[in-house]
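Come and look along with me.

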Amino acid sequence: MQGLTTVILAAGEGKRMHSRQPKVLHELCGRSLITYPLRLARTLADRIVLVVGPNAEAVCAIAGDGIAVVEQRDRLGTGHAVLQAREHCEPATGSILVLPGDVPLLSVETLERLVGHHTSTGAAATILTAIVERPHGYGRVLRQGGRVKRIVEDRDATDDEKRVAEINTSVYCFDGRRLWPALEQVKPDNDQGEYYLTDVIAVLAKAGGRVEAISVDDAEEALGVNDRKQLATLAAIQRRRILDRHMLAGVTILDPATTYIDDTVTIGPDTVIHPNVVIDVASEIGDECVVGAGCQIRATKIGDRVRLKPYCVLTESTIDDDAVMGPFCHLRPRSHVGASAEIGNFIELKKAKVGRRSKAHHVGYLGDVTIGDGANIGAGTIFVNYDGAAKHHTTVGDGAFVGSNTSIVAPLVIGEGAYIAAGSVITKDVPADALAVERAPMTVKENWAARRRARRAAEKKKEG
């Protein structure tokens with residue numbers, strides 16, 4: 001919106017969070033609370049000013065470039081916080097939108113409606129309000145003859161004022177030319193001894209300025225976060241929105257009540273998500289995939305038509321088209337499974353690259369290894385990558401066959417088309433198309449078991 005400046009208030013200590021980190025850094029469905037107003041501001045405003053508290057380097061890092069950051073060293077209230085942004089807002093001939101840093105469910109459509117109404121009416125200030133059944137804890141919007149006259153904080157309200165159901169959402173749009181003179185008139189005449197931004201409304205109204213108010217269509221948009229209980233409440237609402245968005249885009253979610261998908265996740269159409277699945281940290285899932293029950297997917301990119309059988313755990317990895325995974329497989333960071341490959345039950349990968357159409361079906365550890373196309377890794381195979389001091393890498397060529405219960409002691413290379421006999425401990429390179437066998441000679445002692453049984457029987461008879 002042309003000429004719009006957005007001021008985001010993110011200096012609150014968040015004492016009720018009982019946390020060492022600022023409240024706005026706590027996550028809601030995969031995003032820090034502060035990223036929600038920042039995303040809205042980037043969509044709407046020409047200029048953004050972020051007001052932070054002391055020691056807020058992590059908040060500033062999330063804000064990134066192109067945003068003016070000011071510090072509110074002394075936390076003296078919301079009015080005082082907005083004053084800190086003044087030098088970055090002036091000269092401001094347009095509107096100033098003020099957003100709290102802890103109200104993450106606001107929609108861009110609601111804010112566009114707020115700013116549009118403010119501009120069209122020529123108001124000195126426009127408040128975003130909500131009508132709620134339980135207004136306890138929120139500032140009340142007080143009207144006279146239908147016109148907004150002032151906002152009173154819950155702690156300062158009389159019993160009659162506390163019965164008012166219209167609450168302040170802490171979202172405002174101000175005429176930039178009128179805001180600063182009004183702020184200078186605000187006094188800390190309240191039991192907190194703070195400069196309330198809400199008092200600007202009374203100052204403007206008393207001076208004859210037009211104060212408008214519009215209500216949100218959905219009161220959930222106005223919910224804020226003050227403690228971890230409220231954070232959990234808002235997360236449940238946001239998860240529902242996220243799941244609805246995916247389902248409307250063609251994703252089948254069999255049990256939304258037990259499915260947890262972050263706001264940062266993308267999923268292609270015709271993918272089916274089974275119950276008790278967690279998908280987070282900007283994971284990407286392609287078209288026509290199946291995600292089995294109990295899977296946990298974190299920061300992982302999955303191609304099209306991939307089948308995840310139940311209880312796969314995937315972290316910071318890549319799975320190409322048509323691969324089949326699990327059940328109960330574990331991909332640790334920097335693993336890559338090629339197209340049409342098959343990783344079976346109780347297989348763990350760590351920094352492993354598995355080629356196209358290669359298979360590892362049963363119980364094994366593939367660590368620090370590059371496996372070519374069309375290879376077969378037998379059950380119980382262990383890539384021994386750690387010598388107690390350093391990790392070492394193994395390369396397995398295309399079409400190689402590794403027999404069951406084999407230990408491959410890195411570093412070494414197994415050539416293309418080579419065979420490793422079952423039960424071997426491989427400590428040297430294996431040439432292409434060779435057979436490697438490492439076994440102690442088998443010894444057979446005829447009738448040994450029968451003689452042992454007879455000896456034991458004689459001993460027992462003697463003892464008896």
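Here are my entries, taken topic by topic.

**Ground rules**

I am working with a predicted model, in which local features need pLDDT of at least 70 and side-chain atom pairs count only at pLDDT 80 or more, while totals for chains, interfaces and linings use all residues. I number residues from 1 along each chain as its sequence is written, and side-chain values use heavy atoms, with hydrogens and water left out. My helices (H or I, at least four residues) and strands (E, at least two) are DSSP runs, numbered from the N terminus.

I started with strand S11, residues 211-215, and asked how many of its residues are buried. I found that four of its five residues are buried, leaving S11 mostly covered. For me, buried means under 20% relative accessible area, exposed means over 50%, and partly exposed lies in between (1.4 Å probe, protein chains only).

Next I looked for a partner and found that S11 pairs with strand S7, residues 125-131, in the parallel sense over five bridges. I call two strands paired if DSSP finds at least two bridges between them. In this pair, Ala125 stands opposite Val211.

Then I turned to helix H8, residues 199-206, whose buried residues are Val200, Ile201, Val203, Leu204 and Ala205. An α-helix has 3.6 residues a turn, so residues three or four places apart point the same way. I saw that the buried residues of H8 pack against S7, strand S9 (147-152), strand S10 (166-175), helix H7 (176-184) and S11. After H8 comes Gly208, with a positive phi near 90 degrees.

**Ser32**

Is Ser32 buried or exposed? I count Ser32 as buried because its relative accessibility is 11%. Ser32 belongs to strand S3, residues 31-32. Leaving out residues up to four places away in sequence, I listed its contacts (heavy atoms within 4.5 Å) as Val24, Leu25, His26, Glu27 and Ile62.

**Cysteines**

I searched the whole structure for disulfides and found zero. A disulfide is a covalent bond between the sulfur atoms of two cysteines; my cut-off is a pair of cysteine sulfur atoms within 2.5 Å. Cys173 is buried at a relative accessible area of 0%, and Cys295 counts as buried at 0% relative accessibility.

**Helices H1 and H5**

I checked how helix H1 (residues 35-44) packs with helix H5 (residues 108-121): the angle is about 50 degrees, with the axes 10 Å apart. That makes H1 oblique to H5. Angles under 35 degrees count as roughly parallel, over 145 as roughly antiparallel, 65 to 115 as roughly perpendicular and the rest as oblique. The axes are lines fitted to C-alpha atoms over the stretch in contact, and angles run from 0 to 180 degrees between N-to-C directions. Where do they meet? I found Leu40, Thr43 and Leu44 of H1 against Val108, Leu111 and Glu112 of H5.

**Strand S28 and its partners**

My last stop was strand S28, residues 359-371, which pairs in the parallel sense with strand S27 (residues 342-354) over 10 bridges. There, Ala352 stands opposite Val369. Val369 also has Thr394 as its bridge partner in S31; this strand, residues 394-396, runs parallel to S28 and is joined by three bridges.
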